[in-house]
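Please look through the sequence and the model below before reading on. The paragraphs that follow go from the whole chain to the places where its parts meet.

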Amino acid sequence: MTRRMKDTALSRWEDEGGALPCGPQEALAAACEEEDIPALSDTELTQLRIRVIALENIVLSLLSKASDAQLEQVAAMADLITPRPDATQHPLTIHAATQMNQLVERAGHFRS
């Protein structure tokens, strides 16, 4: 995909639905009171875990066939979401960036 095509696609995605600063779903989330959102049941949490495991394995499979440039892009995104030293160090963001880098590393074991 050329840079121009990528920029056009990203621009269209960001503008879709009159995107707000946090995305097109921000208004919907803001309109919901926390009490309006029921807690997930044990069954729903189990299904969510299964889906996350499946998605992680799909991503691992795709990364194992990715080009070096694509793998570098994933690493760059991990660096991008890692908080700057002067910013608040949010543990979940740090952990997410670490997981991204580990996925790239794990995918390397399956590359031929």
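The model is a predicted one, and every value given here is computed from it. Of the 112 residues in the protein chain, 11% count as buried. The secondary structure comes to five helices and zero strands, so that, read from the N terminus on, the elements run α-α-α-α-α. Among the contacts in the protein chain with a separation of 6 or more, 53% are accounted for by residues 24 or more positions apart.

Two of the helix pairs can be followed in detail, and helix 5 takes part in both. Helix 4, which spans residues 68-81, and helix 5, which spans residues 91-108, have axes that come within 8 Å and cross at roughly 170°. Because angles over 145 degrees count as roughly antiparallel, helix 4 and helix 5 are roughly antiparallel to each other. The crossing in which helix 4 passes helix 5 is left-handed. On the side of helix 4, the residues that meet helix 5 are Leu-71, Val-74, Ala-75, Met-77, Ala-78 and Ile-81, while helix 5 contributes Thr-93, Ala-96, Ala-97, Met-100, Asn-101 and Val-104. Sorted by class, this contact has ten nonpolar residues, two polar residues and no charged residues.

How do the axes of helix 3 and helix 5 cross? They come within 8 Å and cross at roughly 60°, which makes helix 3 oblique to helix 5. In this pair, helix 3 passes helix 5 in a right-handed crossing. The contact is made by Glu-56, Val-59, Leu-60, Leu-63 and Ser-64 of helix 3, together with Leu-103, Val-104, Arg-106 and Ala-107 of helix 5. By class, the contact of helix 3 with helix 5 has six nonpolar, one polar and two charged residues.

Ser-64 is found in helix 3, which covers residues 42-64. Is Ser-64 buried or exposed? Its relative accessibility is 10%, and because buried means under 20%, Ser-64 counts as buried. When residues up to four places away in sequence are not counted, Ser-64 touches Ala-107, Phe-110 and Arg-111.

Methods. Residues numbered from 1 in each chain as written. Predicted model: local features only at pLDDT ≥ 70, side-chain atom pairs only at ≥ 80, totals over all residues. Heavy atoms only, no water. Axes fitted to C-alpha atoms, helices over the stretch in contact; angles between N-to-C directions. Helix = DSSP H or I, 4+ residues; strand = E, 2+ residues; numbered from the N terminus. Parallel < 35°, antiparallel > 145°, perpendicular 65-115°, else oblique. Left-handed = near helix turned anticlockwise from the far one by under 90°. Contact = heavy atoms within 4.5 Å. Nonpolar A, V, L, I, M, F, W, Y, C, P; charged D, E, K, R; others polar. Buried < 20%, exposed > 50% of the residue type's maximum accessible area, 1.4 Å probe, protein only.
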